[in-house]
Amino acid sequence: MKILLAVFSCHKYYYKFDGGLIEDWFVRPNVDRVGALRDTWLKDVTCDYKIFYGAGAKRVPEKDEVFLNAPDGYQHSSQKLKALVQYALEKGYDYVLKVDDDVFVYWDRLNLHPTADYIGSGPSSFASGFTYWLSAKAMRLLVASPCFRWQEDYWVGSVMENNHIP
């Protein structure tokens with residue numbers, strides 16, 4: 001089974017949009033999140049991993065980074081995730097573990113044997129966006145579906161629900 005750990009990041013953190021009416025639910029410090037991941041738990045990862053950004057970089061990607069052909073903004077998370085799963089399918093991955101860049105993973109405690117098409121947890125019937133598993137089947141459904149909502153976790157959960165995937 002070919003697994004990709006996909007770290008969801010962005011070039012610039014900006015959480016104000018829709019004319020400033022919607023803002024992040026808390027103030028996030030402007031820190032080097034990816035550097036912190038590389039200095040800590042990413043060193044323990046035992047499968048392929050990549051750090052995914054959207055378009056708009058003013059630098060060349062590092063060897064563990066992918067710059068997707070999708071908007072990089074917070075309000076375009078679904079479009080960026082769709083490009084990420086397309087990348088994973090093109091590279092032949094059976095599963096993707098999507099993790100946000102502000103999450104710490106105890107890699108030695110993680111089960112690397114997913115048994116379903118969509119795995120995660122959250123306060124609703126959908127997996128919350130900070131981390132979840134997607135199978136190739138689930139990824140193909142996402143690639144074939146329009147991005148009808150900017151929140152990628154809601155979009156993913158809706159596509160899974162609409163296709164009878166719990």
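This is a predicted model: local features need pLDDT of at least 70, side-chain atom pairs count only at pLDDT 80 or more; totals for chains, interfaces and linings use all residues.

**Helix packing**

- Start with helix α2 (residues 77–90) and helix α3 (residues 136–143), whose axes come within 9 Å and cross at roughly 130°.
- As for handedness, the α2 and α3 crossing is left-handed.
- On the α2 side, the contact is made by Leu81, Lys82, Val85, Gln86, Ala88 and Leu89.
- On the α3 side, you'll find Ala136, Met139, Arg140, Leu142 and Val143.
- Sorted by class, the contact of α2 with α3 has 8 nonpolar, 1 polar and 2 charged residues.

**Aromatic pairs**

- The structure holds 5 aromatic pairs, and one of them is Tyr95 with Trp133, which sit edge-to-face at 6.1 Å centre to centre with 85° between the planes.
- This pair links distant parts of the chain, with Tyr95 in strand β4 (residues 95–100) and Trp133 in strand β6 (residues 131–135), 38 residues apart.
- Tyr95 has 12% relative accessibility, so it counts as buried, and Trp133 is buried too, at 7%.
- Tyr118 and Tyr132 also form an edge-to-face pair, at 6.2 Å centre to centre and 65° between the planes.
- Here Tyr118 in strand β5 (residues 118–119) is linked to Tyr132 in strand β6, 14 residues apart.
- Tyr118 counts as buried at 8% relative accessibility, and Tyr132 counts as buried at 1%.

Methods. Residues are numbered from 1 along each chain as its sequence is written. Side-chain values use heavy atoms; hydrogens and water are left out. Axes are lines fitted to C-alpha atoms, for helices over the stretch in contact, and angles run from 0 to 180 degrees between N-to-C directions. Helices (H or I, at least four residues) and strands (E, at least two) are DSSP runs, numbered from the N terminus. A crossing is left-handed if the near helix is turned anticlockwise from the far one by less than a right angle, and right-handed if clockwise. Contact means heavy atoms within 4.5 Å. Ala, Val, Leu, Ile, Met, Phe, Trp, Tyr, Cys and Pro count as nonpolar, Asp, Glu, Lys and Arg as charged, and the others, Gly among them, as polar. Rings of Phe, Tyr and Trp (its six-membered ring) pair if their centres lie within 6.5 Å; planes under 30 degrees apart count as stacked, over 60 as edge-to-face and the rest as tilted. Buried means under 20% relative accessible area, exposed over 50%, partly exposed in between (1.4 Å probe, protein chains only).
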